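The entries follow the order in which I looked.

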2 protein chains.
Amino acid sequence: MRMIWLMDDQPVALPTRTERKERTRRAILDAALTLTEQSSLSALSLRHVAREVGIAPTAFYRHFTSAEDLGLALVDESFSSLRRTLRDVRAAQPSVGGVIGPSVEVLVDRVRADPEHFGFISRERVGGLPGVRAAIRRELDLFEAEIATDFARLPGAVHWSTDDLRTSANLIVIAMVAAAERLLQGPGTPAFEREVTRTTTTQLRMLSIGAIQWRSRPQDRGGSGRLRATDDTTTS
Amino acid sequence: MRMIWLMDDQPVALPTRTERKERTRRAILDAALTLTEQSSLSALSLRHVAREVGIAPTAFYRHFTSAEDLGLALVDESFSSLRRTLRDVRAAQPSVGGVIGPSVEVLVDRVRADPEHFGFISRERVGGLPGVRAAIRRELDLFEAEIATDFARLPGAVHWSTDDLRTSANLIVIAMVAAAERLLQGPGTPAFEREVTRTTTTQLRMLSIGAIQWRSRPQDRGGSGRLRATDDTTTS
DNA sequence: GGTGTTGGTGGACACCTGTCCACCAACTGT
DNA sequence: ACAGTTGGTGGACAGGTGTCCACCAACACC
């Protein structure tokens with residue numbers, strides 16, 4: 001920010017060039033986000049965006065080379081906050097069971113706080129520009145891998161196959177994506193949000209119970225009916 | 001079909017008017033399906049469809065009142081075959097565990113046999129025309145309800161809460177939708193299909209194990225570690 | 001055999017689309 | 001103080017869009 005002083009000694013903030021560029025860049029991103037709310041990025045009109053922002057259509061190219069470029073920026077934005085928050089949550093909780101509740105709550109909070117970004121992700125995740133779709137899948141895969149790593153740290157996990165780790169982590173990611181979608185498509189009432197939170201938590205708990213049972217099976221087929229303790233997964 | 005006989009006594013099939021109408025209707029549906037393969041229905045150009053079919057743009061309105069109308073017809077088409085097939089599978093299998101394998105195989109087969117329809121569903125399920133989205137959700141909800149009913153028929157299910165029935169059925173539907181999407185986005189190789197089949201089957205088995213454990217909990221909290229027999233869910 | 005119905009035509013309408021271009025004013029680094 | 005850089009302008013381009021309209025040929029029915 002560049003300061004200049006007028007005659008009456010009042011400092012006036014004059015935005016520097018890079019600041020102004022960043023500002024219209026933001027405006028473009030925001031406009032794109034609101035305009036794609038009802039359709040998809042591939043159907044986004046560049047002129048529409050320009051009109052919304054208040055610039056000439058061609059000025060768009062000073063910031064993004066294409067709609068796909070814009071989309072990738074939006075993907076990055078959308079995930080960065082969620083990724084950070086969830087990582088914090090998982091780092092703070094020692095057990096897998098303990099991490100479920102807070103994780104779902106974080107997800108619901110983030111989606112509520114920023115529906116446009118998550119709506120964008122949910123829409124572009126399937127069908128849209130291939131590059132954007134790929135970027136989103138990469139983020140979700142990363143997320144899945146982190147969950148699998150968490151699982152691998154569980155006591156007794158050394159004997160679980162890598163495949164099954166990924167498979168169960170995948171289902172968890174799927175359930176969370178589905179929860180976000182339900183949240184976005186349903187009414188924004190607190191009651192509905194609470195219901196989605198409850199349902200999703202239940203689903204993840206069921207799942208982790210099943211996963212733990214499942215994996216003890218291959219090396220203990222036909223053994224006694226006695227199963228591993230599952231306290232980890234029920235402590236909220 | 002109206003038959004006419006030429007001089008040399010060869011019967012020639014002359015399509016009646018309604019048959020011809022039905023034929024171009026089909027052509028429109030097919031064209032719309034291939035044209036939306038890369039984008040969404042809301043971005044579908046009516047003129048493009050007409051060109052593909054080989055009719056004048058305005059002739060479209062003789063068959064559908066709008067793009068949404070077309071979309072609803074496609075939703076109906078897409079689900080009708082799957083719904084029928086899955087219902088047969090579930091009717092033929094007495095146990096929930098036994099139904100998982102065949103169900104997943106049916107799903108994979110149907111998706112492979114008709115990727116255009118399922119791609120359409122997967123894309124329009126989120127973001128697109130609201131009416132179409134609602135129709136798809138209705139179909140999935142119906143499917144979820146049927147699964148919940150199956151669960152309710154399990155021995156010992158009388159004590160399970162309706163909510164938990166729906167919650168677990170919901171996750172099953174979610175996992176199957178996700179499987180279809182993975183199948184559609186990944187390579188069409190048989191190896192990949194087998195892997196998706198295996199992964200999804202595992203997920204559904206884990207899930208049903210977890211669900212069974214879960215529900216026995218509320219009325220038996222703090223009991224022995226002994227759990228219900230789960231043979232149902234492991235017999236393929 | 002005549003008549004109403006109907007699937008399809010083709011032109012015209014007003015408007016919207018992405019991208020190219022020359023141009024400009026003002027901020028920046030020296 | 002000056003020259004270069006840069007964010008933004010506005011017109012023009014070739015084309016694409018949905019929808020309206022009058023019109024037609026052929027099928028269906030009585």
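I worked on a 1 Å grid over the protein atoms alone, where a pocket is an open set of points with protein on both sides within 12 Å along at least five of seven lines, a cavity is a set of points where a 1.4 Å probe fits but cannot get out, and lining residues have an atom within 4 Å of a point. This is a predicted model, in which local features need pLDDT of at least 70 and side-chain atom pairs count only at pLDDT 80 or more, while totals for chains, interfaces and linings use all residues. Residues are numbered from 1 along each chain as its sequence is written, chains are lettered from A in the order in which they are written, and side-chain values use heavy atoms, with hydrogens and water left out.

I found 44 residues in its lining, with Arg125(A), Ile174(A), Ala178(A), Ile174(B) and Ala178(B) nearest the centre. The space in this pocket comes to about 1300 Å³, a volume being the space filled by probe spheres set on grid points that are joined across faces, edges and corners. Helices α6 (130-152), α7 (162-185) and α8 (190-215) of chain A and α6 (130-152), α7 (162-185) and α8 (190-216) of chain B each give at least two residues to this lining, helices being DSSP runs (H or I, at least four residues) numbered from the N terminus. By class I noted 21 charged, 14 nonpolar and nine polar lining residues, with Asp, Glu, Lys and Arg as charged, Ala, Val, Leu, Ile, Met, Phe, Trp, Tyr, Cys and Pro as nonpolar, and the others, Gly among them, as polar.

Contact (heavy atoms within 4.5 Å) links 40 residues of chain A with 40 residues of chain B. The two chains bury about 3600 Å² between them, 63% of it on carbon and sulfur atoms, where buried area is the accessible area (1.4 Å probe) lost on putting the two parts together, summed over both.

Entry 4, salt bridges. I required a side-chain nitrogen of Lys or Arg within 4 Å of a carboxyl oxygen of Asp or Glu. How many salt bridges lie between chain A and chain B? The count is four. One pairs Arg125(B) with Glu181(A), with the closest N and O atoms 3.2 Å apart.
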